[in-house]
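Look at the sequence and the model first.

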Amino acid sequence: MSRPTGRVLTLLELLQSGGTRTIAELAERLGVDGRTVRRYVDHLIDLDVPVEAVRGRYGGYRLGPGHRLPPLMLGEDEAVAVLLGLVAGRRTGLTTATATAGETAAAKIRRVLPRPLAARVDAVLESLAFTEPAGESAAPDAGILLTLADAVRHRRPVAIRYTDREGRRGDRTLHPQGVVAHAGRWYVTGRDPGIGEDRTFRLDRVADARLLPGSFEAIEGPDPARRVLSGFATAPYRHEVTLRIRGTAEQIRTRLPASVASVTALPSTGSPSPAPEPTDAREPDGSDGSDGADGPDASDGPPWLRVEIRAERLDWLPPVLAALDLPFVVERPDELRELVVALADRFARRARQS
């Protein structure tokens, strides 16, 4: 690479760092005079790099938006950060469109890394392990994601073509409030103006998104992430579970996050509720878990809270309740109460084994 070409690329890197650079500043950094700086700028413009001239006392040059991506100059730390971000995004499922775009972008960066740095990055990638399973390959289309994000920013209604989990296709109108990434998937949440209710849609099931005329007012209430988590906790599933757990919401959330369960305070009745029978919710040591409390309205100790869960299966819940190590009562269903008792019996038998 000739020295003038190298200086042109250095000029591009300086402009990409942001802000307006004066001719005197650029000349000093490049080791040339002002006339040469102007010539280098002309070279960049010939390459369709959108360099803008800023007039005035503090004028100079800055990089403007262009109709296509210009050559991108990255420092070593920046290149490594982008490369690792692409790998992590692909591994956790938070990529858009197909995996091809992320793989080709990572390959381009990998090819231009200096050999010593490339070897160190390869060592990181070879030794890198993830505690979570790989994300699913289903990913949203990049164009749909950009359209929905634009609708959120400018509060524009959007028409989407959606396929639900039963395979039914239909057209929906949405006032989108936000785009949320959760557990390896992308979601859009907002208000359905036709029914006046909040809705959440998986982006990988959206086949088309189109901006509609007009605008809408922001909806008061929880932020988009909380809306999505609340939707998970209240979605229809095979089993509807109701528990009373004695403890704080923070303690309960360590094992039952907002995406799994809703936690609410029990109404004050003014009189103690009957003590739960031992078969309602037996602790691993065989006790009923009441700690001698008179019921949900007992005044001493932490309060009793109502926990509601919707689940396709119940077998995972007894171990979670045991891990919480808090007094609890199973209000419904009976099937869960039986599973809890069976787990407690297994624990008791194993504890007696020598």
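Helices (H or I, at least four residues) and strands (E, at least two) are DSSP runs, numbered from the N terminus. The model is predicted: local features need pLDDT of at least 70, side-chain atom pairs count only at pLDDT 80 or more, and totals for chains, interfaces and linings use all residues. Residues are numbered from 1 along each chain as its sequence is written, and side-chain values use heavy atoms, with hydrogens and water left out.

Q: How many helices and strands does the chain have?
A: The chain has 354 residues. Its secondary structure comes to 11 helices and 11 strands.

Q: What percentage of the residues of the chain count as buried?
A: Buried means under 20% relative accessible area, with a 1.4 Å probe and protein chains only. By that cut-off, the share of the 354 residues is 34%.

Q: Which strands pair with β5 in the antiparallel sense?
A: Two strands pair if DSSP finds at least two bridges between them. Strand β4 (residues 169-182) pairs with β5 over 7 bridges, and His182 stands opposite Arg185. With strand β6 (residues 197-202), β5 has 6 bridges, and Tyr187 has Arg202 as its bridge partner. The names asked for are β4 and β6.

Q: Which residue in the turn between β5 and β6 has a positive phi?
A: β5 and β6 form a hairpin with 4 residues between them. The positive phi, of about 70°, belongs to Gly196.

Q: At what angle do helix α2 and helix α3 pack?
A: Axes are lines fitted to C-alpha atoms, for helices over the stretch in contact (heavy atoms within 4.5 Å), and angles run from 0 to 180 degrees between N-to-C directions. Helix α2 (residues 23-30) and helix α3 (residues 34-46) have axes 9 Å apart. Roughly perpendicular means 65 to 115 degrees, and α2 is roughly perpendicular to α3. The angle is about 90°.

How values were computed: Parallel < 35°, antiparallel > 145°, perpendicular 65-115°, else oblique. Buried < 20%, exposed > 50% of the residue type's maximum accessible area, 1.4 Å probe, protein only.
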